[in-house]
Amino acid sequence: MDRHSNPTRPQDSEKSPPIGFTLPQLMVTAAAREIRDGEVVFVGMRLPLLGFLLAKSTHAPNAIGVYELGIVRDTVAPAPILTMGDLPNLYHAQWLADTADAMGLLQQGQVDVSFIGGAQVDRFGNLNTSYVGGLSRIATRLPGSGGACDLASLAGRHIIVMSHEKRRFVPRVDYMTSPGYGEGPGWRRRVGLPRGGPAAVITTLGVFHFDAKTCEMILVAVHPGVTVEAVQAHTGWPLRVAPEVHQTPVPGEEELAMLRRFDPQGYWTGS
Amino acid sequence: MRPSKLLTLPEAIGRFVPDDSSVALGLSLESLIPFAAGHELIRQRKRHLTLIGPISDILFDQLIGAGCARRVRAAWVGNVITGSCYNLRRGVESGVLEMEDHSNLTLALGLRAGAMGVSFMPARTALGSDLFKTNIGLKVITCPFSGDRLTAVAAINPDVAFIHVQRADEFGNAHAWGNLGVTRDACLASRHIIITAEEIVAPDVIRSDPNRVITPGFRVSAVVHRPWGAHPAPVPGHYNRDHQAFIDYRGASQTLEGFDEWQRCWVDAVGSPEDYLDLLGTDRAAGLALKNHAPSAPADFGY
């Protein structure tokens, strides 16, 4: 995932989740549950870093983690890490190699799932992490793609994790750093992308999937205390809602204990 | 007797990095970032540099803030654990800084093309994205064998690659370990290579394990002994990442005045490696030291 959007800060207009866990803990848990046992995961920055550790420690002990720095891990790092380059993440790695090697695995189609953050997203899951305001009038320069464009182009599926605000959920992104479904059905194939596309968006308000026919984002779950109306109010296009909207499952005791172990200072998952 | 390539950092940069050079830094991504070398570029007031690298963490932002850079060819410029970088924002939003937008894969393949001596490398990434609008080194081509649409990534050949390593001999043969990012391709693609090293060791130490040599010494222009030369980035086998330094830099660089003050304290006032260690303080340095050593098993290269 890219390294600048900060999905960990709830907005004023949102209700706080019930006591016992934080919003970032809820989002990390939702991200972890997107990982199936045995999958090869391209692990992104921030919350996904913890999501992989959580999945590996609970329901997906056989997952393999690939990191853009040129790291492949099949075990949980022996000490807490704030970022993927921290030395515990190198200790007893399965492979330490080059960025091109990690990206080669991705380009070959060896990576099942990846995680990406975004500053701006549209209804087809296209992401902008480069230029807010577009190129003719640059309002804000963001850090850029990093590996995000590669993950969105080449992973079997990718999960977007980001803050849910109206200025971020726009009808059309100002600049497409990382391709989603482009202009809709058939677009990825037409431009030459070999596979993939966004499978889910985990936001500070709820969880979205994508309609198989129209490729549009569909609200499938809201976080505890959040209404569908609130999600619409923070979304810049007419929201599509699944026939049944569930409540995002809350983290269990075991998951919370793991998260406290992996992020003891609460740097990423504090309130 | 071969000539030694050992120089001081001011000598190496004075000799091999004129204004207008293209320089590649931060090639292992988050670790082994050559901060000491970058700071010497700032002290020598280098101008109109092109900065090349995948993510750079905060080093590119520092060079931009100090007025050294005219152009950036990178996948990501920011602060890994805090987000956006402010000198980059000021530079691009005011129109003085030219950007060439890459992904990590296109940057890696541009350097690989440079390393292989070919004009481009093909890829399947970025198709349909707007990277093509802000990077003239990306073109869509048709594969002559399969007919597939592919991204052609133009070769990148920096004037100088800066790398920080754990140990080197005086002839430019160096061992680096950990994740290596795009280091190997960037070295081979560059005209000059300047190495800063935690330790200078006897040539036999390096020759005992040729698999760990990062690039052949005959391609290296200068070797500089610089303990703590990657701080606050981590160096496997030597020290951990100094997270607080990255958090402090975010606060300091939010305004131009704050950045100037940071530069005066952490760059301009540092005349020697000893000055830097004094500034860092022994307690902080000790806090970053490895707490659990984990040496690898030796490999037998006998015959």
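**Figure 1. In strand β4 of chain B, Met99(B) is the bridge partner of Val72(B).** The model shown is predicted; local features require pLDDT of at least 70 and side-chain atom pairs pLDDT 80 or more, whereas totals for chains, interfaces and linings use all residues. Residues are numbered from 1 along each chain as its sequence is written, and chains are lettered from A and ligands numbered from 1 in the order in which they are written. Strand β3(B), residues 69-74, runs parallel to β4(B), residues 98-101, and four bridges join β3(B) to β4(B) (strands pair if DSSP finds at least two bridges between them). Helices and strands are DSSP runs numbered from the N terminus (helices H or I, at least four residues; strands E, at least two). Helix α4(B), residues 86-93, together with β3(B) and β4(B), makes a right-handed β-α-β unit. The crossover is called right-handed if, with the strands pointing away from the viewer, the path from the first strand over the helix to the second runs clockwise.

**Figure 2. Strand β3(B) is also joined to β2(B), in the parallel sense.** Five bridges link β2(B), residues 49-53, with β3(B). Thr50(B) has Arg71(B) as its bridge partner in β3(B). Helix α3(B), residues 59-65, belongs with β2(B) and β3(B) to a right-handed β-α-β unit.

**Figure 3. An open sheet of three strands in chain B has the order β5-β7-β6.** The pairing in this sheet is antiparallel. β5(B), residues 120-123, and β6(B), residues 138-142, are the edge strands, each pairing on one side only. Neighbouring strands are turned by 35° against each other on average, direction ignored. Four bridges join β5(B) to β7(B), residues 149-154. Ala123(B) stands opposite Thr151(B) in β7(B). Helix α5(B) lies across β5, β6 and β7 of chain B and runs at about 145° to β5(B). Axes are lines fitted to C-alpha atoms, for helices over the stretch in contact, and angles run from 0 to 180 degrees between N-to-C directions.

**Figure 4. Chain B and chain A meet in a contact that takes 51 residues from chain B and 48 residues from chain A.** On the side of chain B that touches chain A, α4(B), α5(B) (104-116) and α6(B) (183-189) each supply at least two residues. That side of chain B has 22 nonpolar, 16 polar and 13 charged residues. Residues are in contact if their C-beta atoms, placed from the backbone, lie within 7 Å. Ala, Val, Leu, Ile, Met, Phe, Trp, Tyr, Cys and Pro count as nonpolar, Asp, Glu, Lys and Arg as charged, and the others, Gly among them, as polar.

**Figure 5. An open sheet of 10 strands in chain A has mixed pairing.** The strand order is β4-β3-β2-β1-β5-β10-β11-β12-β13-β14. β4(A), residues 95-96, and β14(A) stand at the edges with a single partner strand each, so one side of each is left without a neighbour in the sheet. β1(A), residues 40-42, and β2(A), residues 64-67, pair in the parallel sense over three bridges, and Val40(A) stands opposite Ile64(A) in β2(A). β13(A), residues 217-222, and β14(A), residues 241-247, also pair in the parallel sense, over three bridges. The bridge partner of Val222(A) in β14(A) is Gln247(A). With helix α6(A), residues 228-233, strands β13(A) and β14(A) make a right-handed β-α-β unit.

**Figure 6. Helix α2(A) packs with helix α1(A) at an angle of about 60°.** The axes of α1(A), residues 23-32, and α2(A) are 8 Å apart. The contact is made by Pro24(A), Met27(A), Val28(A), Thr29(A), Ala31(A) and Ala32(A) of α1(A) and by Leu47(A), Pro48(A), Leu50(A), Gly51(A), Leu54(A) and Ala55(A) of α2(A). By class, this contact of α1(A) with α2(A) has 10 nonpolar, two polar and no charged residues.

**Figure 7. Helices α2(A) and α7(A) cross at roughly 130°.** The axes of α2(A), residues 47-57, and α7(A), residues 253-262, come within 10 Å. Leu50(A), Leu53(A), Leu54(A) and Ser57(A) of α2(A) meet Glu255(A), Met258(A), Leu259(A) and Phe262(A) of α7(A). The residues of this contact divide into six nonpolar, one polar and one charged.

**Figure 8. Backbone details are shown at Arg46(A) and at Pro232(B).** Arg46(A), a residue other than glycine, has a positive phi, near 60°. Arg46(A) is placed in the loop between β1 and α2 of chain A. In chain B, the peptide bond from His231(B) to Pro232(B) is cis, with omega near 10°. Pro232(B) is found in the loop between β11 (222-225) and α8 (243-252) of chain B. Most residues other than glycine have a negative phi, and most peptide bonds are trans.

Terms used: Two residues are in contact if their C-beta atoms, placed from the backbone, lie within 7 Å.
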